[in-house]
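Have a look at the sequence and model first, and then we can walk through how the chains meet.

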Number of protein chains: 2
Amino acid sequence: MAKGLPLRSENYSEWYNELVKKADLAENSDVRGCMIIKPYGFAIWEKMQRALDDMFKETGHSNAYFPLFIPKSYLSKEASHVDGFAKECAVITHYRLKNDENGNGVVVDPEAKLEEELIVRPTSETAIWNSYKNWIQSYRDLPILINQWANVVRWEMRTRIFLRTTEFLWQEGHTAHATKKEAVAETSMMLDVYEKFAHEWMALPVVKGRKTANERFAGANDTLCIEALMQDGKALQAGTSHFLGQNFAKAFDVKFQTKEGKLEYVWGTSWGVSTRLMGALVMAHSDDLGLVLPPKLAPIQVVIVPIYKNDEQLDQITELIQPMINELKANGVSVKFDISDQRPGWKFAEYELKGVPVRVAVGMRDLEKGLIEVARRDDLSKEQKTLEGASAYITALLEEIQEAIYTKALNFKTENTYEVNSWEEFEEKLEKGGFLSAHWDGSSETEDKIKELTKATIRCIPLDAKKEDGKCILTGNPSSKRVLFAKAY
Amino acid sequence: MAKGLPLRSENYSEWYNELVKKADLAENSDVRGCMIIKPYGFAIWEKMQRALDDMFKETGHSNAYFPLFIPKSYLSKEASHVDGFAKECAVITHYRLKNDENGNGVVVDPEAKLEEELIVRPTSETAIWNSYKNWIQSYRDLPILINQWANVVRWEMRTRIFLRTTEFLWQEGHTAHATKKEAVAETSMMLDVYEKFAHEWMALPVVKGRKTANERFAGANDTLCIEALMQDGKALQAGTSHFLGQNFAKAFDVKFQTKEGKLEYVWGTSWGVSTRLMGALVMAHSDDLGLVLPPKLAPIQVVIVPIYKNDEQLDQITELIQPMINELKANGVSVKFDISDQRPGWKFAEYELKGVPVRVAVGMRDLEKGLIEVARRDDLSKEQKTLEGASAYITALLEEIQEAIYTKALNFKTENTYEVNSWEEFEEKLEKGGFLSAHWDGSSETEDKIKELTKATIRCIPLDAKKEDGKCILTGNPSSKRVLFAKAY
């Protein structure tokens with residue numbers, strides 16, 4: 001137990017909340033459900049952003065920026081969209097405050113009422129398709145491949161730091177295509193981008209799948225998703241990619257002239273990931289001592305803690321260790337040499353809490369023998385290594401740790417994914433948590449009933465699900481493939 | 001005149017508006033005063049962001065993120081701050097819409113009224129100092145050096161794309177220090193960062209100065225600024241850095257224990273630049289043919305236009321030119337080889353409009369002789385060059401163009417800065433535009449009177465102003481240094 005962190009086994013939920021706070025990732029603000037992302041947390045988010053942004057650009061997308069505010073009437077143009085978002089949106093009604101004549105301080109100026117209320121964007125389909133109407137005339141204008149990094153607001157009743165906050169940061173891709181085929185291909189290409197990012201950067205194994213009609217994005221014909229498994233056996237939706245069909249094109253009258261001179265509606269997609277990924281990162285890998293960060297997302301990859309009795313010793317250590325620091329930096333490794341006046345033991349605990357992947361401890365006696373101590377955060381192992389060659393060793397070790405964290409999470413997911421074939425088995429396994437692969441009869445009613453009985457939802461119909469005849473675990477009705485159930489964040 | 005662009009000399013204002021639109025930088029949205037930044041414009045902003053962010057990090061700052069919403073009561077805690085911002089803020093009063101029972105579509109749900117209204121941040125001092133209260137206990141917690149990239153909203157009555165918009169993107173630095181001396185040093189260091197960025201990246205010469213009390217940030221003790229001159233002779237404030245004294249520390253009760261064990265208020269600064277810089281960039285350098293972009297901020301630095309009669313010729317050109325393209329890319333130059341089916345003349349005009357710094361035209365006949373045509377966007381000069389060595393030549397040329405654009409703007413500023421010594425001279429020169437260096441008696445009344453009479457404001461008291469006895473141009477009262485007047489955006 002580190003620095004007053006609860007144990008995962010005793011109270012997973014508190015462990016998460018406390019860890020996010022104590023590791024200086026983020027904290028709740030005075031504004032209900034809104035968070036403050038602190039510098040250490042934001043540095044991780046910046047690395048996520050940079051990696052994703054590079055991947056978006058490699059796949060042909062450009063960034064742009066659309067307004068924060070959406071006129072109320074826009075929201076209503078796509079019927080299922082307004083149903084999905086109207087119940088939880090922040091509404092601007094006035095544009096000025098004034099000093100109250102009765103001495104109540106600053107109050108809303110009733111004379112500054114907006115003619116039409118504005119909504120703080122919960123997502124930008126409506127604002128963007130309203131622009132696409134003007135941008136698209138002919139097939140030559142297509143495809144449009146745009147992404148936006150932005151803040152969005154959804155007035156959630158129950159909030160949870162990073163996982164479900166009133167305001168969150170995200171990216172939202174919005175593309176427009178001449179053909180259904182292209183739009184469908186874009187939807188699945190972006191799902192692949194998300195899977196690759198989750199795997200290679202977050203060390204997070206995910207299941208690619210399709211949402212059931214019940215769980216689809218409000219306004220989409222098809223929602224693809226990546227689902228991850230947290231250490232408490234609950235699932236977490238980590239990213240979605242929506243095939244919008246021609247729904248928004250029709251709602252905003254976006255037509256284009258085809259090569260053959262015909263006028264047709266445009267096909268659309270949208271896709272997004274958010275600061276929720278920060279929550280997934282914490283929940284997937286961290287332990288009772290604190291964060292475990294995959295090296296590729298760690299703001300500090302290597303921390304060097306000198307152990308010394310006086311300034312003279314510190315100077316000697318610094319001189320001996322400096323070439324290694326320079327070599328690591330030249331290798332693109334981010335290194336912190338912590339010469340603050342805290343005790344080594346305090347520093348060890350602090351960097352364990354912060355999830356720094358590699359800790360190097362250097363004491364005078366060892367250094368005189370040309371030795372240093374290298375400790376891994378992920379498995380807590382320690383080894384003595386020679387100073388000579390240390391930078392190459394540590395650089396390679398970072399890659400090894402990245403792999404090891406992924407492998408551990410993958411094993412966890414494999415071990416906690418169960419094929420269940422009866423209702424009894426379903427209930428029994430659900431108790432333990434994990435992904436339950438089970439037959440379902442395909443009806444929304446059955447899905448609702450299972451949710452009502454057990455709180456488990458269909459996370460997705462895995463894209464790689466094989467055809468297999470079976471019987472729905474609840475109704476016994478025929479089913480042709482298994483879907484993935486879990487309790488979820 | 002390019003693609004229907006008005007001439008600067010005939011209608012500078014329309015020229016600007018049309019250029020921003022036609023060059024695909026940005027456009028107005030349906031939401032009053034809010035803009036849509038299009039991919040080409042956003043690519044420039046991203047380059048600005050990256051360069052500034054690197055400079056902020058080099059000077060020890062970290063990024064963080066604070067909530068979009070500010071409780072109404074926070075705004076009121078610093079008296080002059082609320083006076084400055086209450087009159088122009090977007091107010092959230094409700095958190096839900098519902099279907100109207102009388103069939104009026106979606107309406108605000110009166111039952112979802114917030115207990116306390118929320119303001120969309122016009123700037124984040126209040127939200128941030130409210131957090132600093134919890135983050136700062138001792139001198140060990142100082143300094144705090146934080147920056148935030150964010151959107152902010154100010155309900156401006158008159159808006160102008162990029163220059164003054166209801167919502168804009170910016171960065172806001174917010175630092176907290178143990179001593180006045182440190183905070184003052186931070187304020188001026190960040191002004192230097194802004195000047196360096198304006199000079200080295202935007203090719204924009206600026207005057208560093210201090211705002212008069214009238215023009216200070218609402219809540220600051222001292223506001224430093226960089227002021228630039230646009231081609232129409234109007235000034236544009238391009239960035240500000242505020243010394244906040246202990247004002248926000250007092251308003252939010254932020255004290256710290258000194259090394260000596262005393263309890264003292266913290267000293268603060270804040271500093272920001274915004275998408276307004278995009279407007280400055282356009283207005284400072286561009287011409288009647290379109291944008292002129294400094295190479296360091298140009299999304300496309302070199303465009304290659306092949307001139308060919310058939311696909312076979314295009315293949316030959318491609319083969320011959322490919323090594324040059326590869327070399328340019330290896331030099332870090334962003335290159336576009338435009339093989340679209342538009343005519344070369346159309347492409348020439350298009351890339352002139354878009355401000356691409358270097359255009360290379362390659363035709364079969366020239367290429368057979370080993371020659372290409374290299375055209376500069378800034379001075380519209382063209383030269384034949386050998387293909388051999390072209391990549392090195394063009395790489396160097398980009399640096400030369402960056403310098404040349406700066407020098408041209410610097411000369412313009414020098415030629416349009418006048419020392420004036422009488423009211424007649426002041427009025428006469430003001431007619432022409434430019435910076436007027438004149439004596440002022442130091443009183444806010446005189447400043448107001450001059451503004452009322454001429455619309456000219458004191459842009460700043462230049463930091464390098466020499467002591468010089470003189471008489472105020474309006475009142476004849478004694479003055480000890482000249483200040484800079486201009487009409488401004």
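1. Let's start with strands: they are DSSP runs of E, at least two residues long, while helices are runs of H or I of at least four residues, both numbered from the N terminus. Two strands pair if DSSP finds at least two bridges between them. Here strand β5 (residues 91-94) of chain A and strand β5 (residues 91-94) of chain B run antiparallel, joined by 3 bridges. Within this pairing, V91(A) sits opposite H94(B).

2. Please keep in mind that this is a predicted model, where local features need pLDDT of at least 70, side-chain atom pairs count only at pLDDT 80 or more, and totals for chains, interfaces and linings use all residues. Residues are numbered from 1 along each chain as its sequence is written, chains are lettered from A in the order in which they are written, and side-chain values use heavy atoms, without hydrogens and water.

3. How many residues of chain A are in contact with chain B? The count is 63, in contact with 63 residues of chain B (contact means heavy atoms within 4.5 Å). About 5,100 Å² is buried between the two chains, 63% of it from carbon and sulfur atoms (buried area is the accessible area, 1.4 Å probe, lost on putting two parts together, summed over both). Y65(A), Y95(A) and L97(A) supply 13% of what chain A buries against chain B, more than any other three residues.

4. The rule finds 4 salt bridges across this interface (a side-chain nitrogen of Lys or Arg within 4 Å of a carboxyl oxygen of Asp or Glu). K57(A) and E46(B) form a salt bridge at 2.9 Å, N to O. Helix α2 (residues 39-58) of chain A gives the largest share of the side of chain A that touches chain B, 6 residues.
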